[in-house]
Amino acid sequence: MQRVTLISVGKLKERFYAEAAAEYVKRLGRYCRLTVVELPEERLPEAPSPAQVEAALEKEAGAIRDKLPPSATLVALCVEGRTRSSEELARLMANWAGRGENQLVFVIGGSFGLHGSIKARAAERLSMSPMTFPHHLARVMLLEQIYRAYQINAGTQYHK
C-alpha cells in the first residue's frame, strides 16, 4: 500500500473545509496510508516587503524539509506547475507505484506559495488550475484528486 503524506502550510480554520478534507481522508484509508501534516504559516505584516516574504518562505521551507520522509517522491503544488487531468495524475501515481516509489509527498504552501528550494527538489510541480484558489480549498481539491486517482486506477465508477 502506498504511503501518501500531505504537508500543508496553514491550518484549516473553517469548519466546512475541515469537514470536506476529513471526508476524503476517511475515503483514502482504503487505498493508501495517508498522513496529513499541518505546519504553521509565518506571520507577515499587511504589506510585506519582498525580503520579508522570502524570509518567511525560507522558514516554512525548513519546516517542510524537516517533515519530508527520506527517499520520498515530492510533488509541489505551485502556480507555475503543470496542469494535469485526473487521468494523467492517476497514471503518474500508478507509474510511481510501479517503479517502487511508494512514499509520495504532496506539499501545499501558504498564502505566498512555496520557497524555490522546495519546488526545485520536487519530482513534479503540479498546478490545480491557472485560476487562484485559497490554499485551504486547494487542500480539499488535492485530497479529492488523489482519491479520484486511486478510484480511476481501481477501475471504479466514481470517475465518470
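Predicted model: local features only at pLDDT ≥ 70, side-chain atom pairs only at ≥ 80, totals over all residues.
Local features were taken only at pLDDT of at least 70 and side-chain atom pairs only at pLDDT 80 or more, while totals for chains, interfaces and linings use all residues. Residues are numbered from 1 along each chain as its sequence is written, and side-chain values use heavy atoms, with hydrogens and water left out.

The largest nonpolar core contains 27 residues. Such a core is a set of buried Ala, Val, Leu, Ile, Met, Phe, Trp, Tyr and Cys residues joined through side-chain atoms within 4.5 Å. Buried means under 20% relative accessible area, exposed over 50%, and partly exposed in between (1.4 Å probe, protein chains only). Met-93, Phe-106, Ile-146 and Tyr-150 have the most contacts inside this core. Two or more residues each come from strand S1 (2-9), helix H1 (15-28), strand S3 (73-83), helix H3 (86-98), strand S4 (103-108) and helix H5 (135-154). Helices (H or I, at least four residues) and strands (E, at least two) are DSSP runs, numbered from the N terminus. The top contributor is H5, with 7 residues. Another core, of 14 residues, lies apart from this one and includes Ala-61, Ile-64, Ala-76 and Ala-122.

Tyr-150 touches Gln-2, Val-4, Leu-28, Tyr-31, Cys-32 and Met-93, leaving out residues up to four places away in sequence. Contact here means heavy atoms within 4.5 Å.

The axes of H1 and H5 lie 9 Å apart, at an angle of about 20°. Axes are lines fitted to C-alpha atoms, for helices over the stretch in contact, and angles run from 0 to 180 degrees between N-to-C directions. H1 and H5 are therefore roughly parallel (under 35 degrees; over 145 is roughly antiparallel, 65 to 115 roughly perpendicular and the rest oblique). Their crossing is left-handed, meaning that the near helix is turned anticlockwise from the far one by less than a right angle; clockwise would be right-handed. H1 contributes Tyr-17, Ala-20, Ala-21, Tyr-24, Val-25, Arg-27 and Leu-28 to the contact. Residues on the H5 side include Leu-137, Val-140, Leu-143, Ile-146 and Tyr-150. By class, this contact has 12 nonpolar, 1 polar and 2 charged residues. Ala, Val, Leu, Ile, Met, Phe, Trp, Tyr, Cys and Pro count as nonpolar, Asp, Glu, Lys and Arg as charged, and the others, Gly among them, as polar.

The axes of H3 and H5 come within 8 Å and cross at roughly 75°, so H3 is roughly perpendicular to H5. The contact of H3 with H5 divides into 8 nonpolar, 3 polar and 3 charged residues. Met-93 and Ala-94 are among those from H3, and Ile-146 and Tyr-150 among those from H5.

Cys-32 is in strand S2 (residues 32-39). Cys-32 is buried, at 2% relative accessible area. Outside its sequence neighbours up to four places away, Cys-32 touches Met-1, Gln-2, Val-4 and Tyr-150.

Glu-80 belongs to strand S3 and is partly exposed, at 43% relative accessibility. Beyond neighbours within four places in sequence, Glu-80 is in contact with Lys-119 and Arg-125. Glu-80 and Ser-127 are 47 residues apart in sequence, yet 6.6 Å apart in space, C-alpha to C-alpha.

Ser-71 sits in the loop between helix H2 (50-67) and S3. Its phi is near 55°, a positive value in a residue other than glycine. Ser-71 is exposed, at 77% relative accessibility.
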